[in-house]
Amino acid sequence: MLLRLEPRGEHSRLWTYASPLLALALTVVTAAIIFSVLGKDPLQSLYVYLISPLTSTTGLPELFVKAAPLILIGVGLSLGFRANVWNIGAEGQYTLGAIFAAGLALSYPDAPAILLMPAMMVLGILGGMAWAAIPAYLRTRWNANEILTSLMLTYVAQLLLIYLVTGPWRDPEGYGFPQTALFSSNATPPMLVEGTRVHLGVLAAFLVAIIGWIVLTRSVIGFQLRVLGQAPRAARFAGFSQSRLIWLSLMVGGGLAGLAGMFEVAGPVGQLTPSISPGYGFTAIIVAFLGRLHPIGVIFGGLILALSYLGGEAAQIDLRMPNAVTGIFQGILLFFLLACDVLILYRLRGPKPAAAGGA
Amino acid sequence: MTGQAETTKATGTTVPLLSLTGIVKQFPGCLANDRVDLTVLPGEIHALLGENGAGKSTLVKIIYGVLKPDAGEIRWQGEPIVVQNPNHARRLGIGMVFQHFSLFETLTVAENIALGLTDAADRKGLRTRIAEISRSYGLHLDPDKAVHDLSVGERQRIEIVRCLLQKPKLLIMDEPTSVLTPQEVERLFETLRRLAKEGCAILYISHKLEEIRALCERATIMRLGKVVAHCDPRQETAKRLAEMMIGTALKAASHQARGEANGGPRLEVKTLNLKSEQQFGTDLKNVSLAVKGGEILGIGGIAGNGQAELMAALSGEMLAASPNAIVIDGTHAGKLGPRERRALGGCFVPEERNGHGAVSGMSLSENAFLSGHIRRALARNGLIDSGKTAGFADDVIKSFDVRTTGPSAEARSLSGGNLQKFLVGREVKQSPSVLVVSQPTWGVDAGAAAAIHQALMDLADSGTAVVVISQDLDEIFALADRIAVIAEGKLSQAIPIGEASVEQIGLLMGGMHGTSGGRDVASA
């Protein structure tokens with residue numbers, strides 16, 4: 001064996017933060033190799049993928065538009081992951097949030113925006129919560145693993161969405177396309193910056209991240225979540241109810257995913273279609289880990305993964321690469337991130353341990 | 001192994017089995033070993049004595065290949081060597097039983113032992129060999145039991161058996177007797193003496209001075225990373241040994257208001273029945289007890305006889321079936337959770353420090369908040385008052401002489417004894433009406449143990465009802481006003497400490513379980 005792993009015996013603070021950076025660097029190198037294997041000039045491809053999306057006038061605002069749902073979902077997931085509640089079904093909760101809000105938007109298109117918008121936000125949150133309540137109940141009542149239940153419910157949500165847009169909610173004037181009517185302007189979130197698609201949801205995402213940060217680091221609830229995740233017996237010793245915290249984690253995660261779904265269909269998409277998400281709910285898991293399960297870190301993670309979506313689009317147009325390049329980039333990033341996180345608890349050593357004096 | 005066995009006891013001409021010269025180990029901010037010399041002869045039982053933080057653990061980790069020294073030389077049977085890792089150490093013939101066990105909770109005893117073996121061929125007939133060793137050395141173990149259901153004492157036996165399977169030439173024991181009954185300790189000593197006679201040297205780390213005097217032939221005493229003395233413990237008094245170790249004269253803990261308690265009980269348990277949540281746990285059967293303010297009740301018993309369940313029932317981690325099964329200061333608390341019980345004045349120190357009493361990855365401040373936030377009002381409007389919390393943690397650190405860099409230090413950075421002082425201090429500083437502590441000094445050095453004992457007595461003197469659940473009888477006899485024994489989930493009647501003898505209690509702990517046995521002895 002060339003390299004050995006040696007336990008550090010403690011968390012390395014340095015590597016907690018250096019690991020995502022190393023993972024990013026390794027991902028970029030690997031992406032360059034993939035580009036060159038595909039017969040593209042690697043440097044130019046990297047430029048197209050990572051830099052060019054930001055150079056156009058719409059680039060930066062678009063980055064924030066794409067990052068908003070990732071941050072919203074990522075913050076909610078981070079809080080739950082801290083408590084060892086593994087909600088993998090944010091994609092489904094996002095879909096239900098979108099469906100709930102869309103139902104309202106389609107039923108009352110002419111309601112005044114000042115009422116309709118908040119009502120849609122509430123319904124979006126409730127939709128996500130309702131979907132997350134199923135794994136929460138199954139976990140706390142029957143001890144069913146929430147990883148499986150929440151993940152599988154994602155596919156149920158997707159089928160429900162397809163049923164609605166091809167059946168009862170299909171736009172009669174939509175030439176048979178599986179989609180609802182476009183939402184009214186009252187049901188569209190206000191734009192924050194003129195001439196861009198930067199909508200209210202972007203602001204909401206940043207606010208949620210800041211609130212999430214305060215909750216996690218300063219509040220008693222955040223403390224309870226962290227204790228539950230790090231030492232369940234200590235949580236019990238302190239009298240923190242595990243099932244209450246599981247419910248809370250899933251409600252916060254589901255609610256924020258639902259809110260993200262609502263903003264996405266009401267804002268950038270503008271209607272319900274079978275493809276309202278390019279996998280935001282799953283990508284947000286990477287965002288949460290890249291952001292070290294810290295709400296402020298999630299902002300950075302969200303921006304980086306938003307760039308991978310924009311880069312994927314640019315690569316399709318400029319390099320004639322398939323859309324799959326986005327998924328590959330994200331997958332490699334998660335792969336390296338998990339690998340690099342080993343360095344938090346272990347250090348790499350050469351084949352022969354240095355003689356006395358090495359440690 | 002056999003060649004070694006023929007080498008007889010320490011003589012001037014014998015090549016030392018192990019000799020360390022000038023070992024230096026520097027940790028950030030702390031020189032753990034400062035030019036330490038140590039010589040262990042074949043077949044001798046050698047004590048390594050020192051307070052927590054004296055550098056004993058660091059030194060044995062260096063011997064066992066867990067840590068690398070920054071400087072110094074290790075010779076094994078005369079040859080200079082570099083111990084690469086624990087595997088290498090085991091191949092050389094060094095076995096170690098750690099103070100904190102490294103066992104997989106979900107696996108069985110046999111599986112855990114199999115995992116520790118480096119050679120696949122060893123696994124054949126493993127179960128028979130486990131059975132053989134546990135029989136011949138008096139270390140009772142069921143190879144098919146899952147570890148998570150075993151007591152600390154039973155877990156320790158796994159570690160010992162695991163070492164013995166390797167037929168070591170040197171066996172390192174880190175605080176081995178803290179969880180054993182007097183009878184078990186005697187049996188362990190027989191085991192160790194027999195091993196020594198067979199030629200296996202034993203490096204014995206303990207703070208129990210009487211044991212060291214009974215068992216060991218030579219002692220090396222460390223303080224603050226340095227070797228301060230060598231002696232023959234059989235020639236020294238326990239007090240003298242302790243003073244060499246601590247560097248100052250010891251004063252015995254004292255408890256003034258003993259037996260002077262007036263008024264009704266502050267903690268009462270009435271015919272409590274509780275099913276254990278663990279598959280091989282012990283159900284509590286008709287447990288009753290009453291403790292007045294100012295009184296210390298000791299609960300003795302062998303590990304795994306319902307102590308964990310009793311602790312959980314008292315702390316509210318497990319709820320009783322009826323509210324009046326547990327009464328704290330006159331309030332029916334049987335169905336109240338830990339937070340409500342704390343509000344009533346109940347404070348608790350569980351047996352396990354890491355992961356139960358404390359979150360090892362959190363700071364001392366956060367750990368102070370964990371159980372102190374209700375009684376010390378450390379939260380405001382759902383937010384943690386970090387200034388007040390750090391102040392509370394700092395108060396605990398100062399009053400209990402916890403050696404650490406401050407409230408922001410992570411719990412895991414503290415040595416076992418220091419963390420225990422912090423956890424006891426955290427509860428004592430909440431001025432509880434009832435304090436229940438389990439194994440207050442397990443794995444803690446003499447200095448810290450004395451400080452903890454004094455704190456518990458002072459607390460009782462101030463009017464608190466104190467319950468000490470301990471497997472260390474000496475501790476109970478030193479602390480308690482009355483003693484009760486738990487065996488198979490039944491609690492004997494409490495006997496005033498002056499009327500109880502070690503033999504009597506030993507009988508209660510062993511065969512004569514149940515309330516009838518308890519009454520017989522109590523009335524005897």
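This is a predicted model: local features need pLDDT of at least 70, side-chain atom pairs count only at pLDDT 80 or more; totals for chains, interfaces and linings use all residues.
The surroundings of A:Met120 can be listed individually. Leaving aside neighbours within four places in sequence, A:Met120 is in contact with A:Ala101, A:Leu104, A:Ala105, A:Ala187, A:Met262 and A:Ala266.

## Contacts between chains A and B

In the pairing of the two chains, 22 residues of chain A are in contact with 30 residues of chain B. On the side of chain A that touches chain B, helices α8 (220-230) and α9 (232-238) each supply at least two residues. The residues on that side of chain A divide into 12 nonpolar, six polar and four charged.

## Overall composition of chain B

Chain B contains 18 helices and 23 strands. Of its 524 residues, 52% are buried. Among contacts in chain B with a separation of 6 or more, 69% are between residues 24 or more positions apart.

## Helix α4 of chain B

Helix α4 of chain B spans residues 109-116, and its buried residues include B:Val109, B:Ala110, B:Asn112 and B:Ile113. Why do these residues fall on the same side of α4(B)? They cover an arc of only 160 degrees around the axis, which puts them on the same side of the helix. An α-helix has 3.6 residues a turn, so residues three or four places apart point the same way.

The partner strand β7 of chain B spans residues 170-174 and pairs with β6(B) in the parallel sense over four bridges. In this pairing, B:Val97 stands opposite B:Met173 in β7(B).

## The four-stranded open sheet of chain B

Chain B also has an open sheet of four strands in the order β12-β11-β14-β15, with antiparallel pairing. Strands β12 (284-292) and β15 (331-332) stand at the edges with a single partner strand each, so one side of each is left without a neighbour in the sheet. Strand β14 (residues 326-328) pairs with β15(B) in the antiparallel sense over two bridges, and B:Val327 stands opposite B:His332 in β15(B).

## Residues with positive phi

Is B:Thr271 buried or exposed? B:Thr271 counts as exposed because it has 11 C-beta neighbours inside 10 Å, the limit for an exposed residue being 12 or fewer.

B:Ser431, likewise not a glycine, has a positive phi of about 35 degrees. B:Ser431 is located in the loop between α14 (416-428) and β19 (434-438) of chain B. With 15 C-beta neighbours inside 10 Å, B:Ser431 counts as partly exposed.

Terms used: Residues are numbered from 1 along each chain as its sequence is written. Chains are lettered from A and ligands numbered from 1 in the order in which they are written. A residue is buried if 20 or more other C-beta atoms lie within 10 Å of its own, exposed if 12 or fewer, and partly exposed in between; C-beta atoms are placed from the backbone. The arc is that of the directions from the helix axis to the C-beta atoms. Two residues are in contact if their C-beta atoms, placed from the backbone, lie within 7 Å. Ala, Val, Leu, Ile, Met, Phe, Trp, Tyr, Cys and Pro count as nonpolar, Asp, Glu, Lys and Arg as charged, and the others, Gly among them, as polar. Two strands pair if DSSP finds at least two bridges between them.
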